[in-house]
Amino acid sequence: MRIGILGSGLMGGKLGTIFARAGHDVVFSYSHSKAKLEKLARDAGGQARAGTPAQAAKDADALLLAVHWSRVDDVVKKAGDLSGKVIVSCSLPMNADDTGLVIANTSSGSEELAKKVPKAHVVSAFNTVPSEVLFSVFERKGSGTPPSVVYCGDNAKAKKVAAQLITDVGFEPIDAGPLRIARYTEPFTLLVGQLAYEGDRGPAMAYRFEWFEERES
């Protein structure tokens, strides 16, 4: 597939690199530094390259939205017409200092994104995974029981694309249902993050489903 990366920070950079190494055609975009985008593309290898959000969106089979909530409107505007596009979002609707969600309970960032781009197909995924574990999951792909990642969305074809990308990283995709389920997964992400970074299990909390299965057995 051709994958456009909208946002090339930790999540966007790492997932884009993994997608490229998994054989996809990847366009990294949306950074203050063109040199950073070009380095990401070189390091990713394969058919990865740097571009603008509009270039990333053009002819893309899927877009990964990986920007801070405060930048969503800007990157969506720069991407141009997103009609019919599959947007896999790993962004959370965090406030400016990242201390809490600005949208929760009655809606979610994913649902609000779907309102901003009503002709696109939004799927919420990857936002419960600390970026630190992504490369190790990819390296372990195919060996042992894969850790699980939940995803949700309202369009069956878009969810199929997201599930394939989740599998390509090395996770087992678990369909959590319609996009409104993001109201529950997004706050849960903060709990997972707190346990991962303040508890004694570290970023390996991304393996929580696998770990629980092992404990029960």
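Guide: Let us begin with the largest pocket, to whose lining α8 gives the most, with five residues. Its volume is about 1000 Å³, and of the 39 residues that line this pocket, L10, M11, A66, V67 and H68 are the closest to its centre. Two or more lining residues come from each of the elements α1 (10-21), α2 (34-44), α4 (72-79) and α8 (182-198).

Visitor: What should I know about the model itself?

Guide: It is a predicted model, in which local features need pLDDT of at least 70 and side-chain atom pairs count only at pLDDT 80 or more, while totals for chains, interfaces and linings use all residues. Residues are numbered from 1 along each chain as its sequence is written, and side-chain values use heavy atoms, with hydrogens and water left out.

Visitor: How many helices and strands are in the protein?

Guide: Helices (H or I, at least four residues) and strands (E, at least two) are DSSP runs, numbered from the N terminus. The protein has nine helices and eight strands.

Visitor: What span should helix α7 have?

Guide: The expected span of a helix is 1.5 Å times one less than its number of residues. For the 14 residues of α7 (residues 156-169) this gives 20 Å, and the end C-alpha atoms are 20 Å apart, which agrees. At the N-terminal end, N155 caps α7 through a side-chain oxygen 3.1 Å from the backbone nitrogen of K157; a polar contact is a pair of N or O atoms within 3.5 Å, one able to donate a hydrogen and the other to accept it, and residues adjacent in sequence count only if both atoms are side-chain atoms. After α7 comes G170, with a positive phi near 125°.

Visitor: Is V26 buried or exposed?

Guide: Buried means under 20% relative accessible area, exposed over 50%, and partly exposed in between, with a 1.4 Å probe and protein chains only. V26, in strand β2 (residues 25-29), has a relative accessible area of 0% and is therefore buried. Contact means heavy atoms within 4.5 Å. Leaving aside neighbours within four places in sequence, the contacts of V26 include I3, I5, F19 and A48. V26 and I3 are 23 residues apart in sequence, yet 4.8 Å apart from C-alpha to C-alpha.

Visitor: What does T17 touch?

Guide: T17 belongs to helix α1 and, at 6% relative accessibility, counts as buried. Not counting residues up to four places away in sequence, T17 touches F28, A44 and F135. A polar atom of its side chain lies 2.7 Å from the backbone oxygen of G13.

Technical notes. On a 1 Å grid over the protein atoms alone, a cavity is a set of points where a 1.4 Å probe fits but cannot get out, and a pocket is an open set with protein on both sides within 12 Å along at least five of seven lines; lining residues have an atom within 4 Å of a point. Grid points are joined across faces, edges and corners, and a volume is the space filled by probe spheres set on the points.
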